[in-house]
Amino acid sequence: LRHRQAAGGGMRRNLEGELQMLQSEAEKLRRDLASLKAEKLESQQRWQLITPALSEARRRVRELEGQLEAAQEESTHEKGLGERLERETDVCQEKLRALRDENVRLSEQCSELEAHVLQTPLLRNSGSSSAAAPSRRSGEER
């Protein structure tokens, strides 16, 4: 009987020790759960505070993306206009060169004609009127 009591007492102490350990573990788990619930609540509150700012940031990003796209389109358009103006400038410069060349040619032709006109009165003064008439006709034919 004593043996049984001693064995039962040892078992009881083991069970009580295990129960105390389990109660301690349960209490630790309750504290962890309470901590996690507090963290969850804090996270939810932060989320509620952040959500409007996040929505506003997303809206602003979309707005900026639209502005960027418009600016890129404008830049492409302006680049095309610049290239067109460059081509037109090249054409105009080429025409200007041609006009300068023509002006030089015409100036030379005028100088030749002036020299010819200046020589014509000398022929009249030194020669007969019949000699001057053919010169004038040949000048008119030009």
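Modeller: A salt bridge here is a side-chain nitrogen of Lys or Arg within 4 Å of a carboxyl oxygen of Asp or Glu. The model is predicted, and the structure holds nine salt bridges.

Colleague: Which residue forms a salt bridge with lysine 28?

Modeller: The partner is aspartate 32, and the closest N and O atoms are 3.8 Å apart. Both residues lie in helix α1, four residues apart, about one turn of the helix.

Colleague: How accessible is lysine 28? And aspartate 32?

Modeller: Lysine 28 has a relative accessible area of 40% and is partly exposed. Aspartate 32, at 36%, is partly exposed as well.

Colleague: Where does arginine 59 find its salt-bridge partner?

Modeller: Arginine 59 pairs with glutamate 56, with 2.5 Å between the closest N and O atoms. These two are three residues apart in helix α1.

Colleague: And what about glutamate 63?

Modeller: Glutamate 63 forms a salt bridge with arginine 60, the closest N and O atoms being 2.4 Å apart. About one helical turn separates the two, because they are three residues apart in helix α1. Salt bridges that share partners join Glu56, Arg59, Arg60 and Glu63 into one network.

Colleague: Changing topic, what percentage of the residues count as buried?

Modeller: Of the 142 residues, 2% count as buried. The protein exposes about 13100 Å², and carbon and sulfur atoms supply 56% of that area.

How values were computed. Residues numbered from 1 in each chain as written. Predicted model: local features only at pLDDT ≥ 70, side-chain atom pairs only at ≥ 80, totals over all residues. Heavy atoms only, no water. Buried < 20%, exposed > 50% of the residue type's maximum accessible area, 1.4 Å probe, protein only. Areas by Shrake-Rupley, 256 points an atom, 1.4 Å probe, with all protein chains shown as cover.
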